[in-house]
Amino acid sequence: MLEIKHLNYQPPQKSHFLWQDISVRLQTNKIYGLVGVNGVGKSTLLNLLSGLTLPSAGDIYWQQQPIHQSKTALRQYLTQVGYCLQDADHLFFKQTVREELEYHLQADLQSIIELLQLQPLLERSPFELSGGQKKRLGLAIMLLRKPQILLGDEITAGLDAHFQKVVLSLLQSYRDQHLVVLVTHNLEEALQMCDELLFLDKQGLHNYPTAQVVQQPELFAQFGLLKPTSLHICQQLIAAGLLPAATYYRSNKEIAQALAAQWDKDAHTL
Amino acid sequence: MKLDGRTKLITCIFLTLFMFSFHYYWQYGVIIGLFVIIVTTTFSAEQRQQLLQHWKLVTFLPSLNLFANLFFVNGPVLWSWGWLHLTNLDLQIFIRIALLLMFALALTIKTTPQELALSVGKIFHSVSLGRYNGAGVPLVIIIMVAFINEFQATFVTVQQAYKLRSSSSSNQRGWQRVKEYAFLLQPIILISMKKADQVADALIAKGYHHNSSLFDYQAIKYHVMDIMVYLVLILIFVGNWYLVKHF
């Protein structure tokens with residue numbers, strides 16, 4: 001379990017803390033979606049969770065041990081963390097993609113290469129890759145480390161639809177016995193694959209199970225976010241009587257399936 | 001009233017060059033005292049914190065230089081141990097490099113890249129008696145500063161990312177880590193150059209290019225505060241000459 005207790009951060013050259021207070025417990029076997037308006041500190045929070053940035057107040061506890069208690073504790077914690085940075089360039093320091101991957105010698109290297117289709121890129125310099133290719137390489141590198149905690153900052157940004165699906169599927173299977181925290185601006189994606197949403201604002205971090213968020217879409221407006229289109233469509237269809245009341249769907253696919261089921265049930269009428 | 005960018009730049013250059021003419025430690029003391037007064041009275045608390053948090057950067061290079069100089073005899077020896085010899089000049093060079101870095105850091109804290117770029121352009125304009133009206137020199141300064149700023153930021157992030165990736169490679173030997181650490185410079189420089197390239201593209205997209213006359217150098221004028229600063233610098237120079245000559 002990852003526990004955050006009274007965490008806060010004061011950026012350099014600023015005279016105030018970013019938030020009032022952050023305290024939350026994150027469990028393994030879950031994917032958490034960290035959402036919030038621009039500039040609220042989502043990437044900063046992820047940097048703090050990764051252990052690479054020292055908090056100005058509070059601490060992070062992994063398996064009930066504070067990670068900043070000592071250099072040994074921090075080093076131990078870092079071996080458990082995988083962090084896909086928003087700017088994937090900063091992760092690379094080898095001459096070729098192959099060398100980057102082989103730096104973390106793992107038996108399942110070939111399967112990761114095939115899954116993320118990195119085969120054609122192996123002999124290229126990681127700095128020559130496109131944005132989406134760098135993201136895939138960054139994710140591959142982190143997955144090869146087999147971290148207990150996987151952090152991702154806009155992990156699907158810049159990926160085409162096919163690889164977005166591949167990455168989301170990978171993360172969902174990785175959730176087993178691991179903790180995954182993703183920063184995303186794509187609320188549709190967050191609803192679809194996250195077990196809980198962490199809404200970040202100046203007051204702190206507020207976590208809600210996704211099932212609850214779907215039932216209370218006004219939560220998005222409360223945190224300055226626009227309601228996802230799928231929730232909006234669902235509400236419209238329920239209001240029009242095309243879907244049963246008090247039904248909740250996390251994606252357009254689920255809505256379409258519900259409509260199809262309704263169509264079949266009502267003998268091809270709506 | 002804010003000082004002109006030229007005044008800040010010229011003050012930094014003057015103090016640096018002036019310092020390299022010193023022979024006595026009390027002269028360094030005077031300059032350091034003056035610098036402390038400037039920082040205390042004209043820098044905000046955040047700016048002072050910014051200056052102090054780079055103490056490692058400011059002392060690293062002079063320390064490296066001092067260590068290298070210990071293997072040579074550069075004048076009268078103050079202390080020696082085996083092959084290592086510390087001389088008066090070694091100490092003075094250490095102080096000079098550290099102060100040079102401090103002055104440059106203070107200048108970048110108090111002056112924006114655009115202000116610095118315009119100052120250099122205006123100096124060229126003045127020195128060429130109004131004939132130079134181009135944007136090439138300021139643009140080069142802006143791009144260089146973008147590179148330096150990006151280098152500083154990327155240095156930290158790349159180091160952190162390496163710490164994360166190498167944390168589980170505990171079976172690597174120490175020298176392997178040191179070698180990899182040295183090779184981190186390559187991605188840092190590449191990323192910084194890419195950023196500088198993006199800044200160059202952005203400037204061109206906005207209409208700034210070396211032949212454009214989008215900078216109005218005529219409008220840049222000195223104020224009373226700038227004249228007073230120059231007078232103080234002249235006083236310092238004359239005072240130093242007098243004290244060295246008579247005492």
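The entries below go from conventions to sheets, then to chain B and the interface.

**Conventions.** I note that this is a predicted model, in which local features need pLDDT of at least 70, side-chain atom pairs count only at pLDDT 80 or more, and totals for chains, interfaces and linings use all residues. Residues are numbered from 1 along each chain as its sequence is written, chains are lettered from A and ligands numbered from 1 in the order in which they are written, and side-chain values use heavy atoms, with hydrogens and water left out.

**First sheet, chain A.** I looked up the strand order and found an open sheet of 4 strands, β2-β1-β4-β5 of chain A, with antiparallel pairing. Here β2 (22–26) and β5 (65–66) of chain A are at the edges with a single partner strand each, so one side of each has no neighbour in the sheet. Strands are DSSP runs of E of at least two residues, helices are runs of H or I of at least four, and both are numbered from the N terminus. Two strands count as paired if DSSP finds at least two bridges between them. Between β1 (residues 2–8) of chain A and β2(A) I read 4 bridges, and the two run antiparallel. In that pairing L2(A) is opposite L26(A) of β2(A).

I then traced an open sheet of 6 strands with mixed pairing, in the order β6-β7-β8-β3-β9-β10 of chain A. Its edge strands, β6 (81–84) and β10 (204–209) of chain A, pair on one side only. From one strand to the next the twist averages 20°. I checked β6(A) against β7 (residues 149–153) of chain A: they are parallel, with 4 bridges. G82(A) is opposite L150(A) of β7(A).

**Helices on the sheets.** Which strands does α5(A) touch? I found α5(A) packed on the sheet against β6 and β7 of chain A, its direction at about 180° to that of β6(A). Contact means heavy atoms within 4.5 Å. Angles run from 0 to 180 degrees between N-to-C directions, with axes fitted to C-alpha atoms, for helices over the stretch in contact. Helix α1 (residues 42–50) of chain A lies across β1, β2 and β4 (57–62) of chain A, at about 125° to β1(A). I also find α1(A) lying across strands of the other sheet, including β3 (30–35) and β8 (179–183) of chain A, and running at about 155° to β7(A).

**Chain B.** I list 10 helices and 2 strands in chain B. The C-alpha trace of chain B spans about 65 × 60 × 35 Å along its principal axes.

**Interface.** How many residues of chain B are in contact with chain A? I read 24, against 28 residues of chain A. Between chain B and chain A there are 2 salt bridges. In one of them K194(B) meets D89(A) at 2.6 Å, N to O. On the side of chain B that touches chain A, two or more residues each come from α3 (45–52), α7 (136–166) and α9 (185–205) of chain B. The largest share, 10 residues, is that of α7(B).

Technical notes
Salt bridge = Lys/Arg side-chain N within 4 Å of Asp/Glu carboxyl O.
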